[in-house]
Amino acid sequence: MKKYIFCLIVIFCKYTMSYSQVLYAKEKGGKYGYVDSRKVVKIPFQYLFVYTDTLRSIAFVQSKDKIKAIDKNNRMLFTVFN
């Protein structure tokens, strides 16, 4: 019974860890993007600058003419106005 409970806890922890994935900013060829902890590119190197080095839920990035907020799926959430 203890082994069964331990296995369930391990599976639960692994499952929740995948949803709380953190992405890290990287630079390549003068452009910025985000990679995961295994260095797999999750958001392509397309931004001129990133203001958020660790993406947990939202990141602020510089595109050609504006600063915008993006999520982990590279969807634009809103534009930042000066």
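1. Two strands count as paired if DSSP finds at least two bridges between them. The model discussed here is predicted. With that criterion in hand, the strands at the start of this note can be described.

2. Strand E1 covers residues 23–28 and pairs with E2 in the antiparallel sense, over 5 bridges. The two strands form a hairpin with 2 residues between them. Gly29 lies in the turn of this hairpin and has a positive phi of about 65 degrees. One of the contacts can be named: Lys28 has Lys31, in E2, as its bridge partner.

3. E2 also pairs with strand E3, residues 41–47. These strands run antiparallel and are joined by 3 bridges. They too form a hairpin, here with 5 residues between E2 and E3. Lys39 sits in the turn and has a positive phi of about 70 degrees. Within this pairing, Tyr32 has Tyr47, in E3, as its bridge partner.

4. A pair of aromatic rings is described by the distance of the centres and the angle of the planes. The structure holds 3 aromatic pairs. One of them joins Tyr32 and Phe49, with 6.0 Å centre to centre and 75 degrees between the planes. This pair is edge-to-face because its angle is over 60 degrees. The pair links distant parts of the chain: Tyr32 belongs to strand E2 (residues 31–35) and Phe49 to strand E4 (residues 49–50), 17 residues apart.

5. Phe60 is in strand E6 (residues 59–62) and Phe78 in strand E8 (residues 76–80). The two residues are 18 residues apart, and their pair links distant parts of the chain. Phe60 is partly exposed, with a relative accessible area of 29%. Phe78 is partly exposed too, with a value of 39%.

Technical notes: Residues numbered from 1 in each chain as written. Predicted model: local features only at pLDDT ≥ 70, side-chain atom pairs only at ≥ 80, totals over all residues. Heavy atoms only, no water. Phe/Tyr/Trp six-rings, centres within 6.5 Å; stacked < 30°, edge-to-face > 60°. Helix = DSSP H or I, 4+ residues; strand = E, 2+ residues; numbered from the N terminus. Buried < 20%, exposed > 50% of the residue type's maximum accessible area, 1.4 Å probe, protein only.
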